[in-house]
Amino acid sequence: MAANARLDIAAMLQPFAADAVLRDNGAVFRGRAEIKGLFEEAVVPVKAIFTPDTVRREDDQVVVEGPAHGDFKGSPIRFTYRFTLEDDAIKALEITA
């Protein structure tokens with residue numbers, strides 16, 4: 001979250017496993033290269049900053065909710081991030097609005 005606040009792509013990628021899968025409102029990004037592309041195309045240009053306000057565990061996932069602000073239509077938009085962790089890395093992330 002701190003890396004996102006700085007729009008630091010390298011730091012945002014660091015916690016992801018090499019073979020991580022990110023699902024963003026239906027679109028699927030596999031591996032760090034595709035996830036990096038998402039950050040470069042859809043996060044940094046619109047300065048999308050996610051500010052979590054709730055965190056909870058659901059089964060084997062960490063669920064984080066909160067608004068994202070930025071230079072995009074509808075800002076702020078409330079998002080839910082569902083993290084699946086493995087060996088201290090993000091194995092999967094599902095983002096829904």
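**Labels and their cut-offs**

Guide: Lys91 has a relative accessibility of 25% and counts as partly exposed. This is a predicted model, where local features need pLDDT of at least 70, side-chain atom pairs count only at pLDDT 80 or more, and totals for chains, interfaces and linings use all residues. Residues are numbered from 1 along each chain as its sequence is written, and side-chain values use heavy atoms, with hydrogens and water left out.

Visitor: Why is Lys91 called partly exposed?
Guide: Buried means under 20% relative accessible area, exposed over 50%, and partly exposed in between (1.4 Å probe, protein chains only). Lys91 is at 25%, so partly exposed is its label.

Visitor: What makes Asp19 and Lys91 a salt bridge?
Guide: The term asks for a side-chain nitrogen of Lys or Arg within 4 Å of a carboxyl oxygen of Asp or Glu. Here the closest N and O atoms are 2.6 Å apart, so the pair qualifies. Asp19 lies in strand β1 and Lys91 in strand β7, 72 residues apart; strands are DSSP runs of E, at least two residues, numbered from the N terminus.

Visitor: Which salt bridge does Lys91 form with Glu86, and at what N to O distance?
Guide: Their side chains meet at 4.0 Å, N to O. Glu86, at 42% relative accessibility, is partly exposed.

Visitor: How do you know that β6 and β7 pair?
Guide: Pairing takes at least two bridges found by DSSP. β6 and β7 have seven, in the antiparallel sense, so they pair.

Definitions and conventions:
Helix = DSSP H or I, 4+ residues; strand = E, 2+ residues; numbered from the N terminus.
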